Amino acid sequence: MGPLAGIRIIELEGLGPAPFAGMMFADMGAEVISITRKSAAADAPVANVISERGKKSIALNLKDPRGVEAVLKLCESADALIEGFRPGVAERLGIGPEDCAARNPKLVYGRMTGWGQTGPLAHAAGHDINYISLSGALHAMGRDGDKPVPPINLVGDFGGGGMFLAFGVVSAILEATRSGKGQVVDTSMVEGSAALMHMVYCFFNQKQWSDQRGVNLLDTGAHFYETYETSDGKHVSIGPIEPQFYHILKEKLALDESFEAQMDTARWPELKEKLVVIFKTKTRDEWCEVFEGTDACFAPILSMTEAPTHPHNVARNSFIKVNGEIQPGPAPKFSRTVPAVQAGAPRPGSHTDDVLSSVAGYDSDTLAALRADGVLS
């Protein structure tokens with residue numbers, strides 16, 4: 001089930017982007033073994049944490065050398081290990097890249113941090129908002145004359161972080177099949193979010209993008225790449241950049257001759273004000289009747305409640321229900337090795353005995369002894 005079936009990933013449980021990368025692996029069919037701290041497992045509530053779906057969960061006391069040894073034994077048969085600790089934490093625990101490579105030279109070691117493993121900020125605390133500040137991404141987001149607007153934590157944590165970690169680890173696994181050697185994948189949210197800005201930097205280098213936010217083609221500067229409020233207080237988005245698509249917008253809205261000069265940036269504010277008035281003449285659903293399915297580059301702006309029920313998303317099974325809760329489905333789609341969520345989020349530590357016996361070779365007596373000594377949950 002899924003293109004990564006047969007791949008084994010060890011995940012040192014953390015927050016945010018590294019578990020998201022682990023979810024991506026699990027969605028694609030990989031066996032993902034998430035290692036949580038024994039103390040955390042004891043206090044964890046039963047919850048359907050989306051990023052933990054499809055994983056196996058084991059709970060170990062990593063302050064005990066026998067807990068560390070269990071991790072290293074799991075690494076012996078794994079393709080990769082991923083972690084999102086601050087630099088040096090895994091080494092101090094005894095499960096850093098060199099420790100794991102000594103057990104499995106082919107192991108890929110994926111590391112996820114905001115600043116990266118090296119550099120003057122490497123050991124400082126931070127969050128998504130700080131990392132995308134350093135890459136130039138956050139400065140570019142917002143309206144003219146207003147302060148930068150954080151795009152939730154999508155650009156740093158998940159787009160520039162977790163997805164780049166997953167891509168880097170898969171790349172290194174493929175390389176290891178040829179070389180027989182693993183390596184460290186150092187994923188930085190600063191660099192990942194900078195990479196997401198590649199097209200904007202390209203425009204900037206070509207003098208086609210101003211360093212002033214909110215006045216450019218794609219940052220709400222243009223009247224034809226904007227969001228507009230409708231008469232019912234909801235919103236729609238339009239983005240007909242290409243002339244042939246812009247022509248459809250003009251036809252559908254019966255726009256006057258002032259809209260002919262599409263790329264006259266001096267007129268963008270004036271034309272935007274005219275569209276503000278026009279879009280407030282109908283409800284969002286009425287505008288959907290006018291535009292949906294045309295090439296005017298239009299979409300209703302849906303809430304998180306509404307998105308799963310839109311006919312397009314329903315037709316493609318873009319959202320799924322796991323343990324009774326709606327959540328985004330695996331992406332992308334494949335024609336042959338079709339991904340599927342095998343299970344919801346497990347109770348922390350619920351697979352400890354099964355994984356340590358089937359993967360690491362521990363017998364029942366050893367497991368019982370380790371549990372009695374507080375190494376296992």
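Residues are numbered from 1 along each chain as its sequence is written. In this predicted model local features need pLDDT of at least 70 and side-chain atom pairs count only at pLDDT 80 or more, while totals for chains, interfaces and linings use all residues; side-chain values use heavy atoms, with hydrogens and water left out.

**Stop 1: the cores**

Select L60, V71, L74, L81 and L356. Of the 29 residues in the largest nonpolar core, these touch the most other members. A nonpolar core here is a set of buried Ala, Val, Leu, Ile, Met, Phe, Trp, Tyr and Cys residues joined through side-chain atoms within 4.5 Å. Buried means under 20% relative accessible area, exposed over 50%, and partly exposed in between (1.4 Å probe, protein chains only).

Next, colour β1 (8-12), β2 (31-37), β3 (56-60), α3 (65-75), α14 (352-358) and α15 (364-372), each of which supplies at least two residues of this core. Helices (H or I, at least four residues) and strands (E, at least two) are DSSP runs, numbered from the N terminus. The most comes from α3, with six residues.

Now centre on L74. Neighbours within four places in sequence aside, L74 is in contact (heavy atoms within 4.5 Å) with I10, I33, I35, I58, V355, L356, V359 and A360. A second, separate core has 24 residues, including M28, V32, I82 and V108.

**Stop 2: aromatic rings**

The whole structure holds nine aromatic pairs. Rings of Phe, Tyr and Trp (its six-membered ring) pair if their centres lie within 6.5 Å; planes under 30 degrees apart count as stacked, over 60 as edge-to-face and the rest as tilted.

Select W115 and Y131, both buried. Their ring centres are 4.8 Å apart and their planes at 90 degrees, so the pair is edge-to-face. W115 lies in the loop between β5 (108-113) and α6 (128-134) and Y131 in helix α6, so the pair ties together parts 16 residues apart in sequence.

Move to F291 and F298. With ring centres 5.1 Å apart and planes at 20 degrees, this pair is stacked. F291 counts as buried at 1% relative accessibility, and F298 counts as buried at 15%.

**Stop 3: two helices**

Finally, show α7 (residues 154-179) and α8 (residues 189-196). Their axes come within 8 Å and cross at roughly 95 degrees. Axes are lines fitted to C-alpha atoms, for helices over the stretch in contact, and angles run from 0 to 180 degrees between N-to-C directions. V155, G156, D157, G159, G160, G161 and F164 in α7 meet M189, G192, S193, A195 and L196 in α8.
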